[in-house]
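Q: I would like to go through this structure by asking what each label rests on, and to see each value set beside its cut-off.

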Amino acid sequence: MELTTVLKNVQFEHLKGNLDINIPTIAYDSREIREGSMFVAITGFTVDGHVFIDKAIEKGASVIVLEKDVPIHDNKVTVIKVGNPRNALAKIAANFYNHPTENLNLVGITGTNGKTSTSYLLKSIYEEAQKSIALIGTIGTVINNKVIQNKNTTPESLNLQQFFTEMVEDKIETCMMEVSSHALNLDRVAYSQFNTGIFTNLTPDHLELHKNMEEYFNAKAKLFDMTKQFNIINADDYYGQKLIDMCKNKQAKLITYGIDNQADIYATDIEYSFDRTSFVVNTPSDSLRLTVNLPGDIYVLNSLAAIACAYYNGISLPIIKKGIENVKQISGRFEVIYEKDDFRVVVDFAHTEDALQKTLSTVRPYTKGRIILVFGVYADLSESGTEKRNGMGRVAAEYADFSIVTLDNPKHNNPFTVINETKQAIERNRGNYKAIPDRKEAIEYAVNMSTDKDIIVIAGKGHERTQIIGDTEVPFNEKDIVLHAIERKYVQS
Ligand SMILES: CC(=O)N[C@H]1[C@@H](OP(=O)(O)OP(=O)(O)OC[C@H]2O[C@@H](n3ccc(=O)[nH]c3=O)[C@H](O)[C@@H]2O)O[C@H](CO)[C@@H](O)[C@@H]1O[C@H](C)C(=O)N[C@@H](C)C(=O)N[C@H](CCC(=O)O)C(=O)O
Ligand SMILES: Nc1ncnc2c1ncn2[C@@H]1O[C@H](COP(=O)(O)OP(=O)(O)OP(=O)(O)O)[C@@H](O)[C@H]1O
């Protein structure tokens, strides 16, 4: 594509070189450069992309987009200066791929918890309605039968625009996409056109990036300025109510959902059981009883979010009901991996204070013996990381009968500090616990100490199949570990 077309509506200063050239590919990572590529240098959180400009030129880059004054001696190279390279990358990528979101029904789902579950419920409804759909999120990007692992919940703008193009070429009509606050803050979704935005909830998380809840909320709220058709918001959430007030006079129609507060789409007559929840969904036109195969109010709310989106996009309630009921399991979301009478082992992706509290509260009414919780806290050693350990430690003490404190993805964080702070939080709240840093041993300990009336909840890693220790991803399958431990305990004894 012609460089001038790639740079259309990008605010830039032309520092040197020819603008009348063609660009075959774009990269924000020097390792991805091909002959003639454009390289966008990004000042990152860990390294500065400007350091790799020489490397990019060596590999054949013909255009460098930068924000800092870096001397470039190669006279064949075109140099463009921009104010914000991440934002420029998003615009450049949208131009390069011809604005594919203009030809997609793009649904963005944001919120601290519930994005993945809502997207899978929605995917199933759209499949039942025979619509061609794609999905982007924590579990990966799904385009037709292809599943691509993502490094991030919401990929970088360049990768996103490439995925959208593939979707349009594959005649995909609707794409459900999880939109993280990082993505909104770092312009990964800038210049993507959303028809619908969904807000699930907001509770403390990611405060190492956003500093405080107001900043975190403002990052999430950005999505609802980018939508054309519908803003769908949880009326039972404190920040949801704030967002509702902000969305009253926007171009996109405001739609609310909830259980406790007045809403456009709401649930009544909820019947709870250990592995499913039945409820009546009420819409402006009709009502219908349906069952979501996941327990507790959180999955009623996630279902309502998905129902609201489908309903206002013209899908009938009987189809919606089938779609929701077809979802038998979402990987790592309240996944019951072993069950024998009253003894159960559940793997769940709860990795925030709120998610952990809701999951343990859901389990409590079905627990004849004890709730044994195995968990670690995935957070860095910053002040907000300490707050997260305090919060999750408090919840463990209050809502579980016994906790085994272990590591989640320790990465480079000192395991001693991580475990110690969590232990202290449990002690302050008079909880019972044992600390076992090795997560496999922690799970085995939980199985060995359990009786046939206990429920074991293994929280934090959900669908993940690796543990990140230092820079290394070590294979780690919680289901296998549990099943082997149970076999050793019951079969071999
Ligand atoms: C803190 C953060 O958000 N980091 C994101 C950021 O990386 P960065 O700016 O730190 O990149 P960097 O490693 O410093 O490198 C700077 C630049 O140099 C380039 N580079 C680097 C090395 C080299 O040899 N050559 C080269 O050109 C890099 O490609 C990059 O362009 O930009 C990258 C590209 O978009 C992201 O992949 C990366 O996400 C990291 C992996 C991450 O952990 N992000 C988390 C915090 C995150 O975004 N999470 C949310 C989900 C949260 C949730 O909902 O639970 C998400 O959407 O995933
Ligand atoms: N509506 C909800 N409110 C609070 N907690 C929830 C809700 N839905 C799910 N959870 C909890 O959060 C965990 C993660 O759910 P889910 O993957 O759907 O959220 P997410 O927003 O996609 O999270 P992430 O962005 O970290 O992938 C679940 O395993 C459950 O413990």
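Q: Which residues come nearest to ligand 2, and what makes a residue part of the shell around ligand 2?
A: A residue is near a molecule if its C-beta atom, placed from the backbone, lies within 6 Å of it; 23 residues stand around ligand 2, and N113, G114, K115, T116 and A350 come nearest. The elements that give two or more residues to this shell are α4 (115-128), α10 (297-312) and α12 (353-363), and α12 gives the most, with 4 residues. Helices here are DSSP runs of H or I with at least four residues, strands are DSSP runs of E with at least two, and both are numbered from the N terminus.

Q: How do you know what kind of model this is, and how are residues, chains and ligands numbered?
A: This is a predicted model, in which local features need pLDDT of at least 70 and side-chain atom pairs count only at pLDDT 80 or more, whereas totals for chains, interfaces and linings use all residues. Residues are numbered from 1 along each chain as its sequence is written, while chains are lettered from A and ligands numbered from 1 in the order in which they are written.

Q: What is the make-up of the shell around ligand 2 by class, and which domains does the shell draw on?
A: The shell divides into 5 nonpolar, 12 polar and 6 charged residues, where Ala, Val, Leu, Ile, Met, Phe, Trp, Tyr, Cys and Pro count as nonpolar, Asp, Glu, Lys and Arg as charged, and the others, Gly among them, as polar. At least three residues come from each of domain 2 (100-326) and domain 3 (335-492), with bounds that come from an automatic or database domain assignment.

Q: Why is ligand 1 said to lie between two domains?
A: Domain 1 (3-96) and domain 2 (100-326) both give residues to the shell around ligand 1, so ligand 1 lies between them. Of the 19 residues in that shell, D29, G44, F45, N152 and S180 come nearest, and by class the shell has 6 nonpolar, 9 polar and 4 charged residues.

Q: Why is S30 called buried, and where is S30 placed?
A: A residue is buried if 20 or more other C-beta atoms lie within 10 Å of its own, exposed if 12 or fewer, and partly exposed in between. S30, in the loop between β2 (26-27) and β3, has 20 C-beta neighbours inside 10 Å and therefore counts as buried. L158, in helix α5 (residues 157-169), counts as buried because it has 23 such neighbours.

Q: What makes β1 (13-16) and β2 the edge strands of their sheet?
A: Two strands pair if DSSP finds at least two bridges between them. The open sheet of 5 strands has the order β1-β5-β4-β3-β2, with mixed pairing, and β1 and β2 are its edge strands, as each pairs on one side only. The link between β1 and β5 is antiparallel, with 3 bridges, and H14 has I80 in β5 as its bridge partner.

Q: What makes both faces of strand β4 (residues 63-66) covered?
A: V63 and V65 on one side and I64 and L66 on the other are all buried. In a regular strand the side chains alternate between the two faces of the sheet.
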